[in-house]
Amino acid sequence: MSKINEQILDELRKIVQNDRILTKKGDLYSFSYDASFGEYLPDIVLQPQSKEEVSKIILLANTYRIPVYPRGSATSLSGGPLPILGGIVLDMSQYPKSLTIDKENMLAIVTPSVITSSIHEEAEKEGLFYPPDPSSSNVSTIGGNILENSSGPKGLKYGTTKEYVIGLEVVTPTGDIIRTGGKTVKNVTGFDLTRLIVGSEGLLGVVTEITLRLIPKPAYKMTLLASFQRVVDSGKAITSILSSGVLPAALELMDKYCIEAVEHYQPSGLPLDAEAIVIIELDGHEAAVREEIAQCSEICKSFSGSKVLVAKSEEERTTIWKARKMVSPAITQLGPTKISEDATVPRSKIPEMIEKLHIIRDKYKLNLVVFGHAGDGNLHPNIITDKRNIEEMKKAELAVGEIFQAAIDLGGTLSGEHGIGILKAPYMRKELGLTLDLMKKIKEAWDPNNILNPGKMFPQKGQTKVVLTQ
């Protein structure tokens with residue numbers, strides 16, 4: 001039964017223009033899914049145009065106890081924006097776009113609907129650099145990136161989104177409009193609510209403006225591609241490079257199943273005889289970069305059967321990175337259902353984690369491919385399957401559980417950048433224990449009526465796993 005009756009609809013029309021209120025079934029289905037899987041139909045979709053409208057919607061939702069699900073471009077891989085209890089989808093992708101680069105203070109001030117790649121482009125015009133670069137940056141909104149604490153290849157050297165968010169304008173779960181942080185890099189006035197909201201997956205507020213710290217654009221960069229005959233050797237090469245004192249801007253891994261998928265999807269000249277490839281990018285002053293790229297080359301060449309290609313031009317460098325960017329669209333061609341995980345382990349445990357993932361693949365006879373930001377231990381094991389195949393989905397469920405357990409056993413975590421959403425919520429207790437109860441208390445204090453994004457992050461009572469076959 002719909003939670004939106006005629007009286008509530010009339011009240012909403014006083015807040016939001018009628019052409020920004022979507023109630024037709026066809027429109028609602030467009031907002032029922034994200035980049036993970038599962039469909040949940042909202043009762044209504046609203047496209048607010050100001051923080052005041054967002055505030056009034058939240059206040060009304062509290063009055064009638066209607067769940068509100070903030071949503072950007074819906075590139076979430078963990079079910080973050082899915083309206084699992086119906087109610088209101090708050091479509092922030094249509095929020096007015098504003099992007100201002102403050103060159104003097106090295107800041108970007110943006111609204112949540114701005115596409116992430118636009119920030120990269122505008123910052124670079126001013127000789128500045130915004131490092132977080134998720135693979136979806138050409139379509140994802142900065143608001144979604146903030147609430148998932150997205151990262152990308154450059155997280156190894158430059159850190160994740162939370163390192164660059166220094167101020168927020170937020171509508172709280174009770175409808176108040178607040179500001180956290182500010183425009184100064186140093187700020188220790190009271191609790192760091194900015195960092196609490198970043199990565200909170202929309203459970204603690206609706207972000208309406210963001211102040212981002214920018215850094216000077218690196219003067220020079222070089223990229224190499226190394227191929228290995230054994231996937232474990234690629235992991236050992238990564239740990240050897242990091243322990244040598246070299247800190248690459250990015251250090252990416254693709255196993256042979258990824259290589260095959262990319263070459264089948266869009267041939268890029270990747271070595272099909274390799275068990276794994278590693279892409280290494282260094283940036284900084286030219287002399288230092290050249291010295292360090294040579295050092296990385298020698299380390300990679302020390303492994304039997306390995307081959308190293310250093311990009312000699314910007315065109316070659318772009319081709320290498322294009323192959324990495326093609327991984328996600330390429331592997332989606334292998335099957336209709338993609339279960340994308342991002343279990344993360346300490347760097348020293350990368351070889352061991354890779355071995356465990358391949359054991360899981362063989363044990364369950366699943367199409368499991370491994371790629372990711374191996375330099376910071378953030379691997380992306382993806383299971384390609386078909387949700388209509390119930391037996392295979394049951395095996396996928398068991399495999400996912402073993403992947404998470406392997407990461408936790410190695411001192412790692414459930415998620416490096418994809419968030420928890422609904423897909424990882426059942427496993428939260430395994431990693432956090434009693435800390436999860438403290439997180440619940442924070443949620444209850446901020447959102448006493450459980451209005452914002454309910455059903456996410458925290459497992460339902462008695463739930464120990466996601467039932468992929470339901």
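Let us start with helix H3 (residues 51-64), which lies across strands E2, E3 and E4 (88-91) and runs at about 170 degrees to E4. Helices (H or I, at least four residues) and strands (E, at least two) are DSSP runs, numbered from the N terminus. Contact means heavy atoms within 4.5 Å. Axes are lines fitted to C-alpha atoms, for helices over the stretch in contact, and angles run from 0 to 180 degrees between N-to-C directions.

A word on the model before going on. It is a predicted one, in which local features need pLDDT of at least 70 and side-chain atom pairs count only at pLDDT 80 or more, while totals for chains, interfaces and linings use all residues. Residues are numbered from 1 along each chain as its sequence is written, and side-chain values use heavy atoms, with hydrogens and water left out.

The strands under discussion belong to an open sheet of 4 strands, in the order E1-E2-E4-E3, with mixed pairing. Strand E1 (21-22) and strand E3 (68-71) stand at the edges with a single partner strand each, so one side of each has no neighbour in the sheet. Two strands pair if DSSP finds at least two bridges between them. E1 and strand E2 (residues 44-46) run antiparallel and are joined by 2 bridges; leucine 22 has valine 45 in E2 as its bridge partner.

Further along comes a hairpin. Strand E5 (residues 99-102) and strand E6 (residues 107-110) run antiparallel, joined by 4 bridges, and threonine 100 stands opposite isoleucine 109 in E6. Between E5 and E6 are 4 residues, and methionine 106 in the turn has a positive phi of about 55 degrees.

Now look at another sheet. This open sheet has 7 strands in the order E15-E12-E14-E13-E17-E18-E16, with antiparallel pairing. Strand E15 (307-310) and strand E16 (337-340) are its edge strands, each pairing on one side only. From one strand to the next, the twist averages 20 degrees. Strand E12 (residues 220-228) is joined to E15 by 4 bridges, and leucine 224 has valine 310 in E15 as its bridge partner.

Helices lie across this sheet too. Helix H10 (residues 286-301) lies across E12, strand E14 (276-284) and E15, at about 5 degrees to E12. Helix H14 (residues 390-409) lies across E16, strand E17 (367-373) and strand E18 (378-385), and runs at about 170 degrees to E18.

Helix H16 (435-446) is one of the elements that give two or more residues to the lining, and H16 gives the most, with 5 residues.

Finally, step back to the whole. The protein chain has 16 helices and 18 strands, and its C-alpha trace spans about 70 × 60 × 40 Å along its principal axes.
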